[in-house]
Amino acid sequence: MGFTSKTISFTLALTLTLASFLFVGNAEPSEDIHVVNHNLRSDLTALCQKTTNPKLCLDTIQPHLLKGVITPIKALDAEVDATHDQTVKTMDVIGTSLAKHSVSKSLKDSLAICKEQYQGILDTIKETKQAIANNDLSTAKLKFSSVLSYQGSCKDAFEGMEKEFSFSHDSDAVFQLGGNCLDIIADMEKAMPKPEVPTEPAPSTATTFSNVIGTIS
């Protein structure tokens, strides 16, 4: 079968039309995604710059950018999760050290204190997560402040035993992450609208006269 000029023209026009649809359909979404990801990274960088350890903040929250838009509350939730994971890691080190038969009594006592304190951190993180889910920043701040207290109590148990404090790096990471969480909460509180302070009404004329002793003529 031969092809007429009309058939060839129609086929060529159809091919160009389909190509143009494919080009438009593929170009726009990729450009939008690029812009959105850039904006998200910029917002996260600005948020983390206000924390105790900006680099640690970026490293622990940035992977969550792939899961959708990162709002401050989601960033806080991600950093709390990172604190939880680091706490579990530190507890594993403590447990391994406690299991050694060569551990001295003084070191064993210090490790036992830390094990108790870090269990307290895990319990507090669980309560903090619930407060975050309820958008209760004041409770989250109160609860998470105790995370740093627990971490400090463990560190104090190794005072004068710095060489035996084998997990000091892991302990410091818990402190840095906990500080980041509190910094994010503080920044979110600043962004919240301040409640209006009610103004006291001016005293009425009747009230003013009632305080005057004597008869007014």
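**Group meeting: charges and contacts in an all-helix model**

Hi everyone, let's start at glutamate 159, which sits in the loop between helix H5 (137-156) and helix H6 (168-191). Before going on: this is a predicted model, where local features need pLDDT of at least 70, side-chain atom pairs count only at pLDDT 80 or more, and totals for chains, interfaces and linings use all residues. Residues are numbered from 1 along each chain as its sequence is written, and side-chain values use heavy atoms, with hydrogens and water left out.

Helices here are DSSP runs of H or I with at least four residues, strands are E runs of at least two, and both are numbered from the N terminus. The protein chain has 7 helices and 0 strands.

Back to glutamate 159: it counts as exposed because its relative accessibility is 65%. On the terms, buried means under 20% relative accessible area, exposed means over 50%, and partly exposed is in between (1.4 Å probe, protein chains only). Together with Asp156, Glu162 and Glu164, Glu159 forms a negative surface patch. Such patches take residues with over 30% relative accessible area and no salt bridge, with like charges joined within 9 Å; Asp and Glu count as negative, and the charge is placed at CG of Asp or CD of Glu.

For contrast, look at threonine 124 in helix H4 (residues 105-133). Threonine 124 counts as buried because its relative accessibility is 6%. Leaving aside neighbours within four places in sequence, threonine 124 contacts Lys143, Phe144, Ser146, Val147 and Tyr150, where contact means heavy atoms within 4.5 Å. Across the protein chain, 29% of the 217 residues count as buried.

Now to the salt bridges, meaning a side-chain nitrogen of Lys or Arg within 4 Å of a carboxyl oxygen of Asp or Glu. The whole structure holds 8 of them.

One joins lysine 55 and aspartate 59 at 2.8 Å, N to O. These two are 4 residues apart in helix H2 (residues 54-61), so about one helical turn separates them.

Which residues does lysine 129 pair with? Lysine 129 meets aspartate 77 in a salt bridge at 2.8 Å, N to O. That pair links distant parts of the chain, with aspartate 77 in helix H3 (residues 72-98) and lysine 129 in helix H4, 52 residues apart. Lysine 129 also meets aspartate 81, at 2.7 Å, N to O. Aspartate 81 lies in helix H3 too, so this pair ties together parts 48 residues apart in sequence. Through shared partners, Asp77, Asp81 and Lys129 form one network. Thanks, everyone!

Notes. Patches are made of residues with over 30% relative accessible area and no salt bridge: like charges are joined within 9 Å, nonpolar side chains (Val, Leu, Ile, Met, Phe, Trp, Tyr) within 5 Å. Accessible areas come from the Shrake-Rupley method with a 1.4 Å probe; for residues, only the protein chains shown count as cover.
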